[in-house]
Amino acid sequence: MLTLNPFRQRALLAAALFSLSLAACKKDEATVTPDPPITTPTGQLVEVTEVKTSTTWTAANKYLLKGYVYVRSGATLTIEPGTIIKGDKDSKGALIVEPGAKLIAAGTAAKPIIFTSNQPKGSRNYGDWGGVILAGNAPVNSLVNGVKPVVEGGPTTTYGGTDAADNSGTLQYVRIEFGGIAFSPNNEINGLTLCAVGSGTTLDHIQVSYSGDDSYEWFGGTVNAKYLIAHRTYDDDFDTDNGYSGKVQFAVSLRDPLQADQSGSKAFESDNDANASDNLPKTSAVFSNVTVIGPLNNINNAGGISSQYVAAAHIRRNSAESIMNSVLVGYPAGILVDHAKTAANVAANDLRFQNNIIAGMATGTAATRNQKNIIYIGPAGGAGSLTPTTAMSADSSSFGTAIGPLSWLYKSGSNNKRYTNADEARLLNPFNLTAPSFLPLTTSPIVWTSATNTNPVVAPAFTDSKVSDAFFTKVSYIGAFSGSGQSADNWASGWTNFDPQNTEY
């Protein structure tokens, strides 16, 4: 028999009494850790295993996700601004909001909501815990004969349906750190996973840092988002699959040069599905005003980069994703158009890449112009872990009237601009991993008015049908920010944290 010392006995008794009082005043499945409860400056550490009925998590406590924590259909989990939620490393904690449930996590710039690792400062790592998963009832092209797909990574949740306007809740001013655990190859949870999430859901001002897989991955759905940050992701920053047809405006990604995934890391990765099928809805996401900062810095890259880095954008397997009004800097390749079906989407004008700057991509390929701004891999496409040394396929009728990949990229009306070096984008301090600034200098080709240029080299365009609807803010610049002289434009200021490894939670 195990004998407890008096202090231990008192602690366990106190825990039991607190658990009873909590159960009496809250109708949720949260239970206090009895080992003993940890008193923090903001209150009690509350261990959570399931949420079956509507409840509120308050900033007065901290919360620990133990294993898969499901928010069940019919329940709404509300999280107050400033609340800290930790994912348990040992049990691979994750928060799964099931179809029919809602997560209302509306933080503020002054009080963001933080999901992070339960490991101590200095000891956190990629994939310490699972991450946040929203699952809904919007369309997805992997729903076959009424059989719904199952969330990747181990949860039992199924998703998908016919409600394009489905509402899974609100995430605003939220940070998700050290999530994205990989249970096995192709069986991972991301920082933020969005499964058939509908357009009734609100997503804005979200930062995902140190995800062990993708920062954001959309499996179908119609949800839109603004003001997203992907920081030091291990695999891909923005991954779209299975018919995702939503829109994203104002986003940033910043990579650690030495950290990349064996599957090949990119800022954008997009498939219609794993088989390049014609299943509908087709993946047709639209990204506008994105600033992508890759691992290649021509000013200071003495340490080299991981050999697993591939490209700023890899659009493959019959995807029709479009990237508009954006700045892509510092990758081994710019955009890979992969598979003849993907090229056919170019020919049909369903896949568009317009009003963008590509800067600082690697040289030394068989592709024309000796710089990897665009590579066409055809006709059957490349391997999932495609390397950036692949030679460009010959210009092909697959591109229709565009003739071939180079003429498509630089054709009249596309308004894309290539720069040889990363620093020619003229951003303030974009490669700093713990204190970056992505604002353009006044001499940047992004800026409208300065002492050296009265018009931007690449102007934005919002008349194209891909970006003309009311969702898109019609700004006068490409990329995520307008210029260093406009501090009010820095939407990443105040609520973000680019050094969560050294933050005391």
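This is a predicted model: local features need pLDDT of at least 70, side-chain atom pairs count only at pLDDT 80 or more; totals for chains, interfaces and linings use all residues.

Reply: Happy to! Strand β5 (residues 62–71) and β7 pair in the parallel sense, with 4 bridges between them.

Now turn to the next neighbour. β7 also pairs with strand β10 (residues 113–117), again in the parallel sense and over 4 bridges. Here Ile-84 has Ile-114 of β10 as its bridge partner.

What about the side chains of β7 itself, which covers residues 84–87? Ile-84 and Lys-86 point one way, Ile-85 and Gly-87 point the other way, and all of them are buried. Lys-86 can be called buried because its relative accessible area falls under the 20% cut-off.

Leaving out residues up to four places away in sequence, Phe-115 touches Ile-79, Ile-85, Leu-95, Trp-129, Val-132, Val-174, Arg-175, Ile-176 and Glu-177. Phe-115 is also one of the residues with the most contacts inside the largest nonpolar core, a group of 80 residues. Apart from it lies another core, of 33 residues, including Tyr-419, Val-458, Val-467 and Trp-491. As general background, nonpolar side chains in soluble globular proteins tend to be buried together.

Val-174, Arg-175 and Ile-176, which Phe-115 touches, are also touched by Gln-207. Gln-207 sits in strand β16 (residues 202–209) and is buried, with a relative accessible area of 1%. A polar atom of the Gln-207 side chain lies 2.9 Å from the backbone nitrogen of Asn-497. Asn-497 is also among the residues that Gln-207 touches, together with Tyr-216, Ile-229, His-231, Trp-495, Thr-496 and Phe-498.

To put this part in its setting, the protein has 3 helices and 32 strands. Of its 505 residues, 58% count as buried. Among contacts between residues at least 6 apart in sequence, 68% join residues at least 24 apart. The accessible surface comes to about 18,400 Å², and 52% of that belongs to carbon and sulfur atoms.

Conventions
Residues are numbered from 1 along each chain as its sequence is written. Side-chain values use heavy atoms; hydrogens and water are left out. A nonpolar core is a set of buried Ala, Val, Leu, Ile, Met, Phe, Trp, Tyr and Cys residues joined through side-chain atoms within 4.5 Å. Buried means under 20% relative accessible area, exposed over 50%, partly exposed in between (1.4 Å probe, protein chains only). Contact means heavy atoms within 4.5 Å. Helices (H or I, at least four residues) and strands (E, at least two) are DSSP runs, numbered from the N terminus. A polar contact is a pair of N or O atoms within 3.5 Å; within protein, one must be able to donate a hydrogen and the other to accept it, and residues adjacent in sequence count only if both atoms are side-chain atoms. Accessible areas come from the Shrake-Rupley method with a 1.4 Å probe; for residues, only the protein chains shown count as cover. Two strands pair if DSSP finds at least two bridges between them.
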